[in-house]
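Please walk me through this model in the viewer, one selection at a time. For each stop, say what to select and what is there.

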Amino acid sequence: MNAWIVFRKELLDALRDRRTLFMVLLSSVAIGPLVLVALSALVAGIEKRAEERTVVVAGIEHAPTLRNYLERQTYRVDGAPADYELRLKNQSLGDPVLLVDKDFEAELARGEAPLLEIVTSSGNQRAGSSVNRLTRLLRGFSSEQATLRLALRGVSPATLEVLDVQERDLANPQSRAAQLTGMLPFFVLMAVLYGALNAALDTTAGERERGSLEPLLMNPASRLSLVIGKWGAVAAVGMLIALLSCLSFLPAQALLRSETLAAMFQFGVREAALFLALLSPLAAALAAVMMAIAIRCKTFKEAQANNTVVILGVSLLPLVTVFNQSGEAPWHLAVPALGQVALMNRVLKGEAVGALDMALPLAVCVLIAAAGVTFVARQLRTAALR
Amino acid sequence: MIDVQRLAKRFTQGRGKKAHTVQAVDGVSFVAADGRITGLLGPNGAGKTTTLRMAAALLVPDAGSIHVDGIDVQHDPQAALARMGVLSDARGLYPRLTARENIVYYGRLHGMSDSAASQRADALAHLLDMTPLLARRTEGFSQGERMKTALARALVHNPPNIILDEPTNGLDVLATRALRDALRRLRDDEGKCIVFSTHIMQEVERLCDEVIVIAHGRTVAEGTVASLNAQSGERDFEESFVKLAFSAEERKRS
């Protein structure tokens, strides 16, 4: 009963902290969809250039045969601007430039290998992404020429094709998209963390700093019920942020500019519900941990500094999958934050997430939350003062 | 009624070799009767606040006993707290809640219903002359407004015993007078047992029916202002207090 009274008061208190709440919403709830939209703009740009089929060439007048080939492949040949080197460096030119030597045609006719240079800058990502396409195109030209020469000498072109190599991609569209959307769970996680942080500090160290902890402890309510009420409110704020940030992806999808990405990134109500089911226990556990750290601090500021450890831990743990190339290990699921990110990524990839997979992180979170709440209650019992 | 007997409390500061102990309270005894205002008077560091904290079950005494209306505070702190209203020197309010919400919150924690706590808040606001404050958020309250709100919060469950730790700290003349009036009314109209600590002479002279002089963690004298004056052979209460609370050596040094 007392816990419920405390819960209601703390929740009201946290929700009235409009400015903080607004900043949390802005910085953490909005950033996921924003990144998604930015990502889609990037992918859309790449797709657009892939469809454009232009080649930028300097000195195409020296190579009519090559021009003929490029045009037969339905490519448009653009002359390179005179200051192409500078423009590639400062990224204002988004295509690699092909340099044709002035003796190209003559050397080609003599059967010598004429030099073609592809000029790009590895600092220029837009140009870099088209280099492969250009190389493939030139290889096609080269093999056409070779085939013609072999045919002139009466040799079957098949003698050069000893192997027939073909790629087969096993990834479904969703798992391809997950390469791009893999960072989204991380943003959601951060949203929950920062959402709960302020409330966690305000109900513990903030209460002590304000001088309202001592009067509160002079009420005939058990310490545990006070702590449970406070923890419940902090966890509820975290869950609310989790809910908002999951839901924010639903309308964000409509803004996706890349059709391929929109087709691949399927984030429906089911995905949102799974995200929420993963994040809610984590919010509860993080709330307890942050409160346990903050309760020993005398001021809000000190508590903030001490909680940097938690924030750092939660932001670094998901990186284990990046550093560890061997993929997802079973123990990952038992690590808070890491387990949730791994499972959220599975959800995004459209892979199956079993009840058992959900149960392990849940059990870990319950344990952590219980330990944190007990610790805070004990701290209040023994060190009520300063 | 609050009955304190041979209370003792020692604090240890630091750890290991650097540790040194401070005997904050070393044998404080007094009885505060119902319908009376009892003042704990003592210099800074005499042990007043520590004594009151032990009475409010915030600290566990090393020795001695505290009974509130016959309830042993150590044995059953929650029952004792239900019969006490404590205004300690920490009187922080929740800045984002209104004064009424601050008061009702404590009422609810004392087991009152929402409406009962709210009614009580109105009654206390009338007593403390703070009705216009009730609907305002406490952020930006003046010291006096804060004190009134904190006092109303401490009294929301209508406790028969009231403990105030240096309640006039930081208050101006008008606010101090308003507080004094309120305490007198609580004593005369409702027969409360009021204990408050202070180091200000005038306050004790104007308000207290009974004075407990505490120095070096001990009760060194008790009685009415007049009887303490008689005991020390001084006409001025300040002189009496200095004589009673400090040794001849301490008086010479200052």
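Predicted model: local features only at pLDDT ≥ 70, side-chain atom pairs only at ≥ 80, totals over all residues.

Check the backbone here: phi of B:His216 is positive, about 50 degrees, although the residue is not a glycine.

A second residue with a positive phi is in the other chain. Go to A:Gln91, where phi is about 70 degrees and the residue is again not a glycine. Its loop runs between helix H5 (84–89) and strand E3 (97–100) of chain A. A:Gln91 is partly exposed, with 13 other C-beta atoms within 10 Å.

**Strand E7 of chain B**

Return to chain B and select residues 161–165, strand E7. Is this strand enclosed by the rest of the structure or open? Of its 5 residues, 5 are buried, so E7(B) is largely enclosed by the rest of the structure. In a regular strand the side chains alternate between the two faces of the sheet. Display the side chains to see this: B:Asn161, B:Ile163 and B:Asp165 point one way, while B:Ile162 and B:Leu164 point the other way, and all are buried.

Strand E6 (residues 84–87) of chain B runs parallel to E7(B) and is joined to it by 4 bridges. Pick B:Met84 to find one of the pairs; its bridge partner in E7(B) is B:Asn161. Strand E8 (residues 193–198) of chain B is also parallel to E7(B), with 5 bridges between the two. Here B:Ile162 stands opposite B:Ile194 in E8(B).

**The antiparallel sheet of chain B**

Next, select strands E2, E1, E4 and E5 of chain B, listed in their order in an open sheet of 4 strands with antiparallel pairing. The edges are strand E2 (20–32) and strand E5 (71–72) of chain B, each of which pairs on one side only. Strand E1 (residues 2–13) of chain B and E2(B) run antiparallel and are joined by 10 bridges.

**Domains of chain B**

Colour chain B by domain. The assignment gives domain 1 as 2–83 + 160–253 and domain 2 as 92–158. Their C-alpha centres lie 26 Å apart. Where the two domains of chain B touch, 11 residues come from domain 1 and 9 residues from domain 2. On the domain 1 side, helix H6 (residues 173–190) of chain B gives the most, with 5 residues. By class, that side of the contact in chain B has 8 nonpolar, 1 polar and 2 charged residues.

**Domains and a helix pair in chain A**

Now select helix H2 (residues 18–29) and helix H9 (residues 184–202) of chain A. How do these helices pack? Their axes are 9 Å apart, at an angle of about 170 degrees. That makes H2(A) roughly antiparallel to H9(A). Show side chains for the residues that make the contact: A:Thr20, A:Val24, A:Ser27, A:Ser28 and A:Val29 of H2(A), with A:Met190, A:Ala191, A:Tyr194, A:Gly195 and A:Asn198 of H9(A). By class, this contact has 5 nonpolar, 5 polar and no charged residues.

**Where the chains meet**

For the last stop, show both chains. Here 18 residues of chain A are in contact with 20 residues of chain B. On the chain A side, helix H1 (2–16) and helix H11 (213–217) of chain A each supply at least two residues. H1(A) has the largest share of that side, 5 residues. Colour the chain A side by class to find 8 nonpolar, 4 polar and 6 charged residues.

Technical notes: Residues numbered from 1 in each chain as written. Chains lettered and ligands numbered in written order. Domains from an automatic or database assignment. Contact = placed C-beta atoms within 7 Å. Nonpolar A, V, L, I, M, F, W, Y, C, P; charged D, E, K, R; others polar. Axes fitted to C-alpha atoms, helices over the stretch in contact; angles between N-to-C directions. Parallel < 35°, antiparallel > 145°, perpendicular 65-115°, else oblique. Buried ≥ 20, exposed ≤ 12 C-beta atoms within 10 Å, placed from the backbone. Pairing = 2+ DSSP bridges.
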